[in-house]
Structures are given as structure tokens and as C-alpha cells.
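Please read them beside the coordinates.

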Amino acid sequence: MSETDAPVPSTFDKARAGLWASLQKHLTTVYAVEAAFAQAVAFAEAFPFAASSASADQLYGYEERRRELRDLFTDETAQLETLTKAIRVKGYAEAEKKQLYLLLLGYMDIAASVFARLHTQVPASLPKDEELDETTARFGRVQKFARLNIKGIAGIL
């Protein structure tokens with residue numbers, strides 16, 4: 001079979017391959033930010049940690065890395081919302097949509113374990129962060145939506 005006889009990938013195949021490549025790039029970014037955050041909290045022996053257990057430079061580094069992780073969480077959540085809407089409205093067959101949601105959910109499960117550090121690896125006295133709480137709720141809703149679509153709404157009823 002020559003190159004000209006090779007099957008042409010469908011729109012869905014292109015979308016799946018593009019989503020897969022995109023999610024891999026996003027994971028690389030998530031892991032890099034997580035590694036920087038892990039270094040910034042290396043001084044803490046337990047969580048929540050006492051701010052007095054760290055130097056001013058360590059606290060500053062922690063706050064900077066936490067802000068980066070938090071901003072990434074907010075950005076990723078917004079992009080995930082957009083992706084789930086795009087999958088929902090595209091004219092793919094239900095089985096194809098499930099495949100895309102499954103890719104998305106796999107990424108989200110991995111990312112959720114990283115973003116959970118924003119809630120667990122904190123100082124003892126951390127002011128309430130309503131934006132983080134809202135982002136966490138939005139992320140959870142997108143995750144649940146993907147799970148429901150993988151299971152199939154008919155399977156729930």
C-alpha cells in the first residue's frame with residue numbers, strides 16, 4: 001500500500017489525536033509546577049505547617065509556588081469546561097464522545113491529585129480563598145459531568 005492509498009483519518013480521529021497531544025502537554029506543565037511546589041514545601045515536616053517553622057525566604061517561595069499552582073488550576077479548569085462543552089456540541093457519535101470524555105477524565109484524575117495540594121499542603125493559618133473554593137467546585141462539576149457521560153445518562157436513569 002502506498003502513502004496515497006493510506007486511509008484518511010476521520011474528523012474524530014484527528015480530534016482524538018489532538019486532544020491526546022494537548023493533554024500530554026498540559027500534564028508536562030502540571031508536573032513541572034507540582035515539582036516546583038514540592039520543593040517550596042520541603043521545609044515542612046507535617047501539614048498544616050506552622051508559618052513559624054519556615055524562614056521568610058521559605059515562606060515567600062512557598063507563596064509564589066502556591067500562587068503558580070493556584071493560577072494553573074484556575075486556567076486548567078476554564079479550559080476543561082470549554083473542552084467538555086465542545087465535545088458535547090460536536091456531531092460525534094455517542095461512543096466517540098465517550099472516548100474523548102475518557103481521555104479528559106484520565107487527565108483530570110491525575111491533575112486533581114496535584115491540585116489537591118492546594119488544600120492539603122498549607123500553613124495552619126491560611127485565609128479563606130473563595131476563588132480557590134469556586135475553582136475547586138467548578139473542577140468537580142466538570143469531572144462529574146465527564147463521568148456521567150462516560151457511564152451514559154441512560155445508565156443512570
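1. Basis. This is a predicted model, in which local features need pLDDT of at least 70 and side-chain atom pairs count only at pLDDT 80 or more, while totals for chains, interfaces and linings use all residues. Residues are numbered from 1 along each chain as its sequence is written, and side-chain values use heavy atoms, with hydrogens and water left out.

2. Secondary structure. The protein chain has six helices and zero strands, in the order α-α-α-α-α-α along the sequence. Helices (H or I, at least four residues) and strands (E, at least two) are DSSP runs, numbered from the N terminus.

3. Overall dimensions. The radius of gyration of the protein chain is 20 Å, well over the 15 Å from the globule rule for 157 residues, so the chain is more spread out than a compact globule. The radius is taken over C-alpha atoms, and the rule is 2.2 Å times the number of residues to the power 0.38. The C-alpha trace spans about 65 × 45 × 20 Å along its principal axes.

4. Of the 157 residues in the protein chain, 34% are buried (under 20% relative accessible area; exposed is over 50%, partly exposed in between; 1.4 Å probe, protein chains only). Among contacts (heavy atoms within 4.5 Å) between residues at least 6 apart in sequence, 80% join residues at least 24 apart.

5. Packing of α1 and α2. Helix α1 (residues 11-40) packs on helix α2 (residues 56-89) at an angle of about 160°, and the axes are 8 Å apart. That makes the two helices roughly antiparallel (over 145 degrees; under 35 is roughly parallel, 65 to 115 roughly perpendicular, the rest oblique). Axes are lines fitted to C-alpha atoms, for helices over the stretch in contact, and angles run from 0 to 180 degrees between N-to-C directions.

6. Residues of that contact. On α1 they include Leu19, Val33 and Phe37, and on α2 they include Tyr62, Leu69 and Leu83. The contact divides into 10 nonpolar, five polar and four charged residues (nonpolar: Ala, Val, Leu, Ile, Met, Phe, Trp, Tyr, Cys and Pro; charged: Asp, Glu, Lys and Arg; polar: the others, Gly among them).

7. Cis peptide. Which residues does the cis peptide bond join? The bond joins Phe47 and Pro48, with omega about -5°. Pro48 is in the loop between α1 and α2.

8. Ala17. This residue lies in helix α1. Ala17 counts as partly exposed because its relative accessibility is 46%. Ala17 and Leu100 are 83 residues apart in sequence, and 9.8 Å apart in space, C-alpha to C-alpha.
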